[in-house]
Amino acid sequence: MGDAVEASWFAEKIADRSIRGIALETSALIRAGVLPIGTRLPAIRDIAYELHVSPATISEAWSELRRQKIISGRGRNGTWVSGDRFVAKPERLASSGNYREGVLDLTLAGPDAALLPRLAEAMAYGASVDDLNSYERSRIVPELKDAVSERWPYAAEAFLATNGGYNAVYTILHALVSSGSSVAIEHPTAMRLLDILEDLGVKIIPVACDGEGPLPDSLREALRQRPAAFLFQPRLHSVTGVTVSSSRLDQLGDVLEDSDTLVIEDDGVGDVSAAPPQSLGGRFAERTIHILSLSKSLGPDLRLAVLSSSAPIVDQIQSYRSFSAGWTSRILQRAAAWLLRDPATWQLIGEAREIYQQRRDALADALGERGIPIPPSQGLCLWVPVVSEPFAMVTLAARNIAVNPGNKFSVLPSSHIRVATSTLSDRCEEAADAIALAHAP
């Protein structure tokens with residue numbers, strides 16, 4: 001390894017002695033070349049002594065730098081500078097593969113392009129917007145607000161259009177939740193939500209779920225850690241296909257009653273679900289943020305979602321957006337409004353919903369016949385229990401079938417695979433045979 005530095009010298013360079021401050025200022029020293037690659041860092045206890053902080057504070061700061069692959073090593077082996085590039089990367093999403101021809105790719109639980117509305121007429125209408133190419137930061141065009149309000153699950157005070165559902169979550173968390181805070185989230189959950197939370201550097205508190213949604217007792221336990229937000233999918237869970245029952249939603253509201261935790265509702269699957277939209281916004285209007293993505297129903301290239309909340313919260317979110325795009329394309333907003341007013345769109349969404357359900361049920365039934373019961377639910381994928389994730393992944397790969405391991409969707413140990421069914425139309429029996437072999441060694 002390279003040269004070591006003294007704890008006293010290092011401490012003189014650090015002014016902010018919070019976890020985040022130590023991590024940021026250490027990364028700045030590395031970026032500036034003051035701590036070159038290969039430099040051995042002082043022992044945690046020595047740094048803590050010189051900075052007059054607890055060893056746990058240094059450990060947390062070092063954990064953040066390890067996550068960014070800026071430093072390496074731990075324990076008695078020492079810690080050293082291993083990188084000086086600071087490129088954020090969604091590790092869970094980025095680990096997805098590109099598969100050769102002939103592989104049955106069941107990793108992406110996205111919409112079937114053949115079941116989405118055609119956009120030509122809608123886009124032509126969108127391009128006729130009166131204020132086209134204006135730099136005015138339009139939060140949401142009136143037509144889109146009117147179109148989504150008809151089906152919104154509560155009377156919201158303010159709306160905002162964003163560049164897709166995950167962009168909405170990313171923007172909300174960065175605008176309202178500080179690094180080092182805690183966020184409670186369902187277990188399991190969408191891997192991209194975990195990527196966003198991990199990149200932000202918050203503590204993730206998993207909330208256990210059953211067939212009706214998040215468990216009230218688990219949420220109550222999570223709230224003891226005073227999370228800044230509780231993030232869940234109330235309408236259709238994108239991983240398990242579970243919809244939160246109305247009675248469970250009431251119970252979750254009872255648990256949240258005496259807290260000041262933000263409630264972030266991610267309706268990412270949207271109208272692909274047969275269930276009506278629902279929200280805690282009618283109960284906690286001042287701190288609920290409800291997000292509806294249009295990607296699964298109208299098409300991912302519209303890059304569009306709509307969120308609602310109180311006016312002060314929407315103001316905060318919009319202020320953060322001003323650092324980047326500032327607003328969402330008015331062309332796309334008007335195109336979406338046109339589609340939402342077109343009866344043919346809703347007829348196609350209904351047909352797509354039935355086909356997705358048939359494809360999901362076909363694989364679930366085939367697995368049931370092979371001794372792997374799958375609970376009834378909806379959506380674009382199956383959450384399949386296995387004895388060993390590594391064994392299941394290797395077994396399926398050997399048969400040219402790609403799925404996602406369950407660990408991508410959880411911060412807790414997992415024994416599942418997630419199998420996308422949205423485009424599985426003609427190889428269901430083949431997939432079921434392979435999954436049955438992969439189920440248990």
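**Entry 1: domains 2 and 3**

A salt bridge is a side-chain nitrogen of Lys or Arg within 4 Å of a carboxyl oxygen of Asp or Glu. I looked for such pairs between domain 2 and domain 3 and the count is 0. The model is predicted, so I note that local features need pLDDT of at least 70 and side-chain atom pairs pLDDT 80 or more, while totals for chains, interfaces and linings use all residues. Residues are numbered from 1 along each chain as its sequence is written, and side-chain values use heavy atoms, without hydrogens and water.

I took the bounds from an automatic or database domain assignment: domain 1 is 2-81, domain 2 is 91-113 + 345-439, and domain 3 is 133-339. The centres of domain 2 and domain 3, over C-alpha atoms, are 25 Å apart. The contact (heavy atoms within 4.5 Å) takes 28 residues from domain 2 and 30 residues from domain 3.

I then looked up the buried area, the accessible area (1.4 Å probe) that two parts lose on being put together, summed over both. For domain 2 and domain 3 it is about 2,300 Å², with 65% on carbon and sulfur atoms. Trp-346, Gln-378 and Phe-409 lose the most area on the side of domain 2, together 24% of what that side buries.

Which residue pairs cross this interface in polar contact, and how many are there? The rule finds 9, with both residues at pLDDT 80 or more. A polar contact is a pair of N or O atoms within 3.5 Å; within protein, one must be able to donate a hydrogen and the other to accept it, and residues adjacent in sequence count only if both atoms are side-chain atoms.

**Entry 2: Arg-427**

I found Arg-427 in the loop between strand S16 (416-420) and helix H17 (428-439). Helices (H or I, at least four residues) and strands (E, at least two) are DSSP runs, numbered from the N terminus. Arg-427 counts as partly exposed because its relative accessibility is 27%; buried means under 20%, exposed over 50%, and partly exposed in between (1.4 Å probe, protein chains only). Its side chain makes a polar contact with the side chain of Glu-430 at 2.8 Å. Leaving out residues up to four places away in sequence, Arg-427 touches Gly-102 and Leu-104. Leu-104 is 323 residues away in sequence, yet 8.5 Å away C-alpha to C-alpha.

**Entry 3: backbone**

Most residues other than glycine have a negative phi, and most peptide bonds are trans. I noted a cis peptide bond between His-187 and Pro-188, with omega about 0°. His-52 has a positive phi of about 60° and is exposed at 69% relative accessibility.
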